[in-house]
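Here is a short briefing on one protein model.

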Amino acid sequence: MKKFTENLFKVVSMLSDEKYMSGAEIARHLGISRTAIWKIIKVLINYGIDITSNNKLGYKINQKLILLDKDAIGRKIDYNPTKFDIFESINSTNEFLKSTQSQDYQNHICLAEHQSSGNARLKRSWDSPFGQNLYLSIKYHFKKDISAISGLSLIAGLSVIRTLSQLNISNKFKIKWPNDIYCEDKKIAGILTEVIGESYGGCMAIIGMGLNVNMMKPSNENVINWTSLKKITGEHFDRNEICVSLINNIIKDIEKFSILGLEYFLSDWNNHDYLANKKIAVNNSEKTIEGEYKGIDAQGNLLLKIDNKIVTLYSGDTSIASIR
């Protein structure tokens, strides 16, 4: 776990216009030694940032890079009381929130520029290159029993869709049950929701999200069938603006869900259902079954038609069934 260092943030800001700047000039601006600058450059290179070093000209970051700004994001969050942490690098934003006590806050938000062990569903890893995407988790305390918040991950998916729609991108984004966001049949975001019962009768939900924003090449070559906002549009996005919108949308939707339940969101879900009218395969770690997708029930469970019978599935990994 590594908190943001102010000097690293400032060095990236100075080099973010993709022009050379000498180590001496950077050191003079920051009031630190050239050796300290060299160490910061080395940290960035170790994170995978493409930096050119020239003995005469200095350093240059070869791609646009704008880091997350805690103050800029925090000022625009609409909901209080909110606790807010941001890390340069962390094992997992979800795991951090699980380890912290934050009952004095309705919302506890954790962001990171890099995750060394980002979590996805079914114990998979989430590719988390430095400074390119959003890795965000929100802890929310419900005054409800665990059974009363079934379908929460679906709500989080709709919040991501709402955020992406506000970017005025023409492509249509869809949700693949239970919690993947797709565009043009490729994955752009994933959600991992963990719910824990609490001693006073309520429950705590941690909603983790990974959204591919400016990534053009994954750090893990095994990552397949992915896309990002930059790949879709060819444009670089300021992740701070997207982050503010995403946080405000998810908290707003959680609060509505807490009062109105999943039923309030069902029509919205149907409008963005990636699996609608498809034959699908569902892998629940024990076996894979195929059938005709029939939507979700009032608790957010998947309905699958197999041999003229409707089967209810509470968990699993879905995919489009291969045509034989």
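A disulfide is a pair of cysteine sulfur atoms within 2.5 Å. By that test the structure holds 0 disulfides. This is a predicted model: local features need pLDDT of at least 70, side-chain atom pairs count only at pLDDT 80 or more, and totals for chains, interfaces and linings use all residues. Residues are numbered from 1 along each chain as its sequence is written, and side-chain values use heavy atoms, with hydrogens and water left out.

**Cysteines**

- C110 is in no disulfide; the nearest cysteine sulfur belongs to C243 and is 11 Å away.
- C110 is buried, at a relative accessible area of 0%. Buried means under 20% relative accessible area, exposed over 50%, and partly exposed in between (1.4 Å probe, protein chains only).
- C203 is buried too, with a relative accessibility of 0%.

**Helix α6 against helix α8**

- Helices (H or I, at least four residues) and strands (E, at least two) are DSSP runs, numbered from the N terminus.
- Helix α6 spans residues 152–165 and helix α8 spans residues 239–260. They pack at an angle of about 140°, with axes 9 Å apart.
- That angle makes α6 oblique to α8. Angles under 35 degrees count as roughly parallel, over 145 as roughly antiparallel, 65 to 115 as roughly perpendicular and the rest as oblique.
- Axes are lines fitted to C-alpha atoms, for helices over the stretch in contact; angles run from 0 to 180 degrees between N-to-C directions.
- The crossing of α6 and α8 is right-handed. A crossing is right-handed if the near helix is turned clockwise from the far one by less than a right angle, and left-handed if anticlockwise.
- On the α6 side, the contact uses L152, I155, A156, L158, S159, V160, R162 and T163. On the α8 side, I242, S245, L246, N249, I250, D253, I254 and F257 meet them. Contact means heavy atoms within 4.5 Å.
- By class, the contact of α6 with α8 has 10 nonpolar, 4 polar and 2 charged residues. Ala, Val, Leu, Ile, Met, Phe, Trp, Tyr, Cys and Pro count as nonpolar, Asp, Glu, Lys and Arg as charged, and the others, Gly among them, as polar.

**Helix α1 against helix α3**

- The axes of α1 and helix α3 (residues 34–46) come within 10 Å and cross at roughly 80°. The two helices are therefore roughly perpendicular to each other.
- N7, L8, V11, V12 and L15 of α1 contact I37, I40, I41, V43 and L44 of α3.
- This contact has 9 nonpolar residues, 1 polar residue and no charged residues.

- S16 sits in the loop between α1 (6–15) and α2 (23–30). Not counting residues up to four places away in sequence, S16 touches K64 and L65.
- T227 lies in the loop between β10 (203–211) and α7 (229–233). T227 is buried, at 7% relative accessibility.
- Leaving aside neighbours within four places in sequence, T227 contacts C183, K186, K187, I188, N212 and I232.

**Backbone geometry**

- The peptide bond from W177 to P178 is cis, with omega near 5°. P178 is in the loop between β7 (173–176) and β8 (180–183).
- N277 has a positive phi, near 65°. N277 lies between α9 (266–271) and β11 (279–283), in a loop, and is exposed at 79%.
- N308 also has phi near 65°. Its loop joins β13 (302–306) and β14 (309–313), and N308 is exposed at 70% relative accessibility.
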